[in-house]
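Here is a short tour to read alongside the structure. Keep the viewer open and follow each stop as it comes.

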Amino acid sequence: MAVQVQKQKVFEAAEAEETPQTDTVVGWQGIRFQLPPEWNVSAFSMDRDNGSLRVDAPGSSSLTVQLRWMNAAKPQREGPPTAYHYLAPLFRKWLRRPEPAVPKTDLKANIERILKETAKTAKKAKSTFESSLRTEKLEGPDDERTAINFSWTGVGRGQGKIWQCSVCNRIVIAQVVGLSKDQAAISAVASQLFATLHDHTADGFDLWALYDLQIGIPEDFRLEEQKLLSGYLHLTFARGGEKIIVDRWGLANVTRKKFSLADWFANNAFVSLKRLASDEETIYDHDAVHYAGKLSLFARLRLLRDAKTSLRRFPTRYEGGIWECADSNKLYAVQVLHSRKTEGLWDEVTDRCVCH
Amino acid sequence: MRMPLKMRLYYAIGRYLPFLKISPPNVDRQATLTLRPGRNALLTWEKSETGGTMLTVPQNEKAGRITKAMAKWLRAPTEKRVELDEVGGYVWELCDGSHTVETIVQKTGREYKMNRREAEVSVTMFLQMLHERNFIGFYKKTKKS
């Protein structure tokens, strides 16, 4: 029995070696970076202007990557918004005045405030706290980032960076946190994180990547709804009334035994597919079903009900498709509800979806 | 895993009367992954044509003579049948007492190309459900074994 178990362990180890693990790509709210394999997003915020993201190491490792970002061009208001807050941009647009210059943020003061809070935690746990700040420097291909590196030891250990980007006006604080004994691992993860971290995109498409899903969405679309379940991911993005809906189901080989692609999509599509033109095509060498056409009156009324305040870019057309990726054993569906002016959006989004 | 009713009541008392200092033990994730699920020997199972697995659960096994007589008189069913889907059947086959939860998670993840996190959540939830119905039990590896 012992020999059998030993053999089994050797076989499992060999199997594990056969499958090369790729780095984890994380993309959220315009921020993207790479981490070692099997890291997973564990906490996130839905806000693009002022938010946070946390990514945890696999297994029992205590390493985590924490990110916070805020828009320097939209400073946080204290108290409720005033009439000035609403009217100033309108008057500025009407009078064709330029946007006010973004004030340069005191990064050192910001990071010192955060370190002070960390020191408080260390003091409560009765452990000594030490921190060090490097000098401010310019980074990036066009020196667009003003950055300060920092590190601390207290309850655990952390290595991070704060910077302000002059292109997207974001202030980003990123740090890798772990136990005191994890110094080497923290340094390795931090160097990979800072080498691959980007806070804005060059081609106008934000990368949204988590749990092995990678898709490019136009940067002016905002995340409206998400469902991140085991075996099912759902993301809805909106720009005015226009929507992009991305779904991914796991265990495609099990699902497809009972349903054809068209049946599965018909059961899960945002609108009724009965009157839409359908055709079979190939996406990334996978068989796909594609639907396109005008939205029915019923669907438009439903969208009108959901449109809360604005009818800007009200969608009148639908384009959607589903394909099965046998390599990753997953079903991918991308649906676009768009206005007459935005043709070709489905193709642009689908071209930026990495399924395997 | 879900606790027996007696223990749940015991810890509920501890929650409302904190000075008694009764609190449930902390469940360590790492320790849970080293447990070895084993099937209930009373259950029989067979593969169905659709790819699923059919479990046959005997009823009234532990019932007394009177209950058994009543069940016979009322023609109560003597067994219950539960159908597991393909993935459930795959996990069920691995619950033989020799595989740890960790191994089952890894194997299921590899077989169905699932992300490690997805596989762990799905498998542990499924095992928890089987345990609640007394279909499986967990062996804990001790120093002697």
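## Two helices of chain B

In this predicted model, helix H4 (residues 86-94) of chain B packs against helix H5 (residues 101-111) of chain B at an angle of about 145°, and their axes are 10 Å apart. Axes here are lines fitted to C-alpha atoms, for helices over the stretch in contact, and angles run from 0 to 180 degrees between N-to-C directions. Helices (H or I, at least four residues) and strands (E, at least two) are DSSP runs, numbered from the N terminus. The crossing of H4(B) and H5(B) is right-handed, that is, the near helix is turned clockwise from the far one by less than a right angle.

Which residues meet here? On the H4(B) side they are B:Val87, B:Tyr90, B:Val91 and B:Leu94, and on the H5(B) side B:Ile104, B:Lys107, B:Thr108 and B:Glu111; contact means heavy atoms within 4.5 Å. The residues of this contact comprise 5 nonpolar, 1 polar and 2 charged. In this count, Ala, Val, Leu, Ile, Met, Phe, Trp, Tyr, Cys and Pro are nonpolar, Asp, Glu, Lys and Arg are charged, and the others, Gly among them, are polar.

## The sheet of chain B

Now look at the open sheet of chain B, where 3 strands follow the order S2-S3-S4 with antiparallel pairing. Two strands pair if DSSP finds at least two bridges between them. Strand S2 (44-47) and strand S4 (79-84) of chain B are the edges, each pairing on one side only. Neighbouring strands are turned by 20° against each other on average, direction ignored.

Strand S3 (residues 53-58) of chain B is joined to S4(B) by 6 bridges, and B:Val57 stands opposite B:Lys80 in S4(B). H4(B) lies across S2, S3 and S4 of chain B, at about 110° to S4(B).

## Where the chains meet

At the interface, 18 residues of chain B are in contact with 25 residues of chain A. Together the two chains bury about 1900 Å², 44% of it on carbon and sulfur atoms; buried area is the accessible area (1.4 Å probe) that two parts lose on being put together, summed over both.

How many salt bridges cross the interface of chain B and chain A? The rule finds 2, counting a side-chain nitrogen of Lys or Arg within 4 Å of a carboxyl oxygen of Asp or Glu. B:Glu86 and A:Lys257 meet in a salt bridge through their side chains (2.4 Å, N to O).

## The sheet of chain A

Chain A has an open sheet of 7 strands in the order S13-S14-S15-S19-S18-S17-S16, with antiparallel pairing. Its edge strands are strand S13 (222-229) and strand S16 (277-283) of chain A, and the twist averages 10° from one strand to the next.

S13(A) and strand S14 (residues 232-239) of chain A are joined by 7 bridges, and A:Gln226 has A:Leu235 in S14(A) as its bridge partner. Helix H6 (residues 261-268) of chain A lies across strands including S18 (317-325) of chain A, running at about 130° to S18(A).

## Reading the values

Residues are numbered from 1 along each chain as its sequence is written, while chains are lettered from A and ligands numbered from 1 in the order in which they are written. Local features need pLDDT of at least 70, side-chain atom pairs count only at pLDDT 80 or more, and totals for chains, interfaces and linings use all residues, while side-chain values use heavy atoms, with hydrogens and water left out.
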